[in-house]
Amino acid sequence: MNRGTRALGKPTRSTSLTTAKSELLALAPDALGRLPTLDGPLDVLVTDGVMRTRTKSLRTHLWSGPILPGSFFPLGEGVFCTTPEFLVVQRAQSLSLVELIGLVMTLCAIYSFDESHSIRLCDPLTNLERIAAFIGRMPACPGTAKAKLAVRYALERSASPWETRMALLNTLKPAMGGYHFEKPKLNHPIQLGKQAQRMTHRRHYVCDEYWPQYKIDLEFNGAQFHDDPDQAREDARRKKVLEFMGIRVIDVRAYELASLGIYDDVARQLAHYMGKRLRVFDAKHRHARIELRKALFADSGGHFERRG
């Protein structure tokens with residue numbers, strides 16, 4: 001099962017392959033009464049095609065590859081949940097590469113949504129090192145090569161779906177529709193000097209996307225945090241302080257990020273601050289850029305949102 005894991009506490013790793021596999025098979029149908037109540041249909045993994053079924057409350061997915069120790073953690077008697085690391089390998093067979101990268105970043109993100117769909121900060125479910133280590137232990141099977149590639153392109157510590165989208169647009173290769181900038185540090189703390197601390201009553205500021213080698217801060221200004229007057233004044237003061245420290249700040253709004261033409265201007269400014277020239281995209285790359293935006297902005301969240 002791969003829904004609702006955030007609300008179920010810290011994973012306790014299953015260490016017995018035999019036990020995990022036999023208990024997983026017990027999910028259909030007699031174990032269904034022991035499953036937690038979650039919104040939407042439950043996704044259940046089965047290892048035998050004869051156990052596949054689909055109802056309004058249950059969707060089964062066939063897994064014929066190896067099952068390693070550390071693939072599940074227990075939810076209750078006879079009920080196991082896939083770990084985030086195993087989930088990446090599972091979904092690699094059904095998701096596109098961009099969707100899979102989004103899933104990896106979501107699992108490594110520092111946010112989730114509460115019941116009112118407001119963002120709240122939280123600890124990540126996993127990290128890139130743990131996912132890569134798990135994939136490295138997997139024998140070659142469908143999905144492992146794509147999963148390794150997704151981990152290579154992903155970034156950790158995104159604090160919103162929009163930050164994930166912005167990071168992927170900035171860092172993916174041109175053949176995939178991105179600008180191929182060097183990877184920034186996401187939600188990186190900048191320690192303030194004593195004078196700045198007295199001015200702001202803060203010890204540090206957090207930069208959405210920060211390139212320390214260039215001292216550039218790229219900020220996504222979403223309506224949830226930045227559309228009230230008090231927040232606008234705080235943003236202006238923050239920008240002034242960071243610029244006083246020699247950090248160049250670029251602000252990006254949602255409509256700018258979603259527009260290919262407008263965000264090209266943002267990318268040119270970013271490249272200029274880095275002392276580089278933004279490459280000229282040909283017709284082939286233009287198609288890739290359009291397809292990437294379709295994947296990133298197809299809906300309000302999809303694989304780029306993490307639910308509480």
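I took buried to mean under 20% relative accessible area, exposed over 50%, and partly exposed in between (1.4 Å probe, protein chains only). Helices (H or I, at least four residues) and strands (E, at least two) are DSSP runs, numbered from the N terminus. The model is predicted, so I noted that local features need pLDDT of at least 70 and side-chain atom pairs count only at pLDDT 80 or more, while totals for chains, interfaces and linings use all residues. Residues are numbered from 1 along each chain as its sequence is written, and side-chain values use heavy atoms, with hydrogens and water left out.

**Entry 1: helix 6**

I looked up how helix 6 (residues 161-171) is covered and found 10 of its 11 residues buried. Among them are Pro 161, Glu 163, Arg 165, Met 166 and Asn 170.

**Entry 2: cores**

I searched for nonpolar cores (buried Ala, Val, Leu, Ile, Met, Phe, Trp, Tyr and Cys residues joined through side-chain atoms within 4.5 Å). The largest has 59 residues, of which Ile 101 and Leu 218 touch the most other members. Helix 3 (residues 97-107) gives the largest share of this core, seven residues. Another core, of 10 residues, lies apart from it and includes Ile 190 and Tyr 210.

I then listed contacts (heavy atoms within 4.5 Å) of Leu 218. Not counting residues up to four places away in sequence, Leu 218 touches residues including Met 166 and Asn 170.

I recorded an open sheet of four strands in the order 7-8-9-10, with mixed pairing; two strands pair if DSSP finds at least two bridges between them. Strand 7 (185-191) and strand 10 (248-252) are at the edges with a single partner strand each, so one side of each has no neighbour in the sheet. Strand 9 (residues 216-220) pairs with strand 10 in the parallel sense over five bridges. Within strand 10, Asp 251 is the bridge partner of Glu 219.

**Entry 3: aromatic rings**

Which rings pair? I counted Phe, Tyr and Trp (its six-membered ring) with centres within 6.5 Å, planes under 30 degrees apart being stacked, over 60 edge-to-face and the rest tilted. The whole structure holds nine aromatic pairs. The ring centres of Phe 72 and Phe 86 are 5.6 Å apart and the planes at 75°, so this pair is edge-to-face. Phe 72 lies in strand 3 (residues 72-76) and Phe 86 in helix 2 (residues 84-91), 14 residues apart. Phe 72 is buried, at 1% relative accessible area, and Phe 86 is buried at 0%. Ring pairs link Trp 63, Phe 72, Phe 86 and Phe 134 into a cluster.
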